[in-house]
Amino acid sequence: MSVPAPAYAPASAHAGGPTATELLDFALRTAADPEITASLPLDPEGRTWIRLDGPGGSEAWLIGWPPGTGTGWHDHAESIGAFATARGRLTEHSLAVRLPSEGWRSLELAPGVDRSRTLAAGGGRAFGRHHVHEVLNESPDEHAVSVHAYYPPLPLIRRYSRSGPVLHLEHVERPADWQ
């Protein structure tokens with residue numbers, strides 16, 4: 001199901017699609033729209049999502065997060081992206097290092113590459129290509145809702161597990177796996 005998003009007027013015209021800043025602007029404006037966020041059915045057991053019409057050919061999603069749920073470690077390959085919290089509070093753990101996109105199954109991370117931030121309702125952030133992170137709703141009793149946008153549309157998502165400083169590539173998902 002696709003839900004129309006608020007009208008989008010890019011800050012500047014360019015042929016390469018929306019920038020990360022423009023994706024963040026879209027995510028923040030959409031997250032602030034109560035009609036759109038109320039259209040998401042919430043499930044107490046698992047995350048829910050609805051595909052949105054993103055700006056400039058981007059892929060966008062409205063996602064519901066029950067208490068205690070998260071994405072696990074992953075990246076969005078060559079896509080840039082942004083997300084904004086519409087309701088509740090989300091925590092993002094990320095790596096401040098670019099990983100090689102091919103040729104490895106396990107990597108030992110250097111000290112000091114971990115970053116963490118919490119985004120309450122109305123907060124958001126943009127990110128570049130190959131951004132590795134996990135997003136969590138750490139609340140014990142409150143659902144969170146967020147808006148995510150990616151450009152180009154996600155060609156794949158690489159899923160990782162982590163044991164201390166060691167990151168393991170577990171599997172690669174393609175669009176058919178989540179759409």
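**Entry 1: a charge and a ring**

I started with Arg47 and found its charged end over the ring of Trp65, 4.8 Å from the ring centre. A reminder to myself before going on: this is a predicted model.

**Entry 2: aromatic pairs**

Next I wanted to know how many aromatic pairs a search of the whole structure finds. The search came back with 2. One of them is made by Trp104 and Tyr160, and I noted it as stacked, with 5.7 Å centre to centre and 5° between the planes.

Where do Trp104 and Tyr160 sit in the chain? I found Trp104 in the loop between β6 (89-95) and β7 (106-108), while Tyr160 belongs to strand β12 (residues 157-163). The two are 56 residues apart, so I wrote this pair down as a link between distant parts of the chain.

I then checked accessibility for both partners. Trp104 has 12% relative accessibility and therefore counts as buried. Tyr160 also counts as buried, because its value is 7%.

The other entry on my list is Phe127 with Tyr150, a tilted pair at 6.4 Å centre to centre and 55° between the planes. Phe127 lies in strand β9 (residues 124-127) and Tyr150 in strand β11 (residues 144-151), so this contact ties together parts that are 23 residues apart in sequence. Buried or exposed, I asked of Phe127? Phe127 is buried, at a relative accessible area of 5%. Tyr150, at 6% relative accessibility, counts as buried too.

**Entry 3: a cis peptide bond**

Moving on to the backbone, I looked at the step from Tyr151 to Pro152. These two are joined by a cis peptide bond, with omega at about -5°. I placed Pro152 in the loop between β11 and β12.

**Entry 4: positive phi values**

Last, I looked at phi in residues other than glycine. Ala77 has a positive phi, near 55°. I located Ala77 in the loop between β4 (73-75) and β5 (80-87). Its relative accessible area is 4%, so I marked Ala77 as buried.

What is phi for His130? I read a positive value of about 65°, although His130 is not a glycine. With a relative accessible area of 3%, His130 goes down in my notebook as buried.

Definitions and conventions
Residues are numbered from 1 along each chain as its sequence is written. This is a predicted model: local features need pLDDT of at least 70, side-chain atom pairs count only at pLDDT 80 or more; totals for chains, interfaces and linings use all residues. Side-chain values use heavy atoms; hydrogens and water are left out. Rings of Phe, Tyr and Trp (its six-membered ring) pair if their centres lie within 6.5 Å; planes under 30 degrees apart count as stacked, over 60 as edge-to-face and the rest as tilted. Helices (H or I, at least four residues) and strands (E, at least two) are DSSP runs, numbered from the N terminus. Buried means under 20% relative accessible area, exposed over 50%, partly exposed in between (1.4 Å probe, protein chains only). A charge sits over a ring if NZ of Lys or CZ of Arg is within 6 Å of the ring centre and within 35 degrees of the ring normal.
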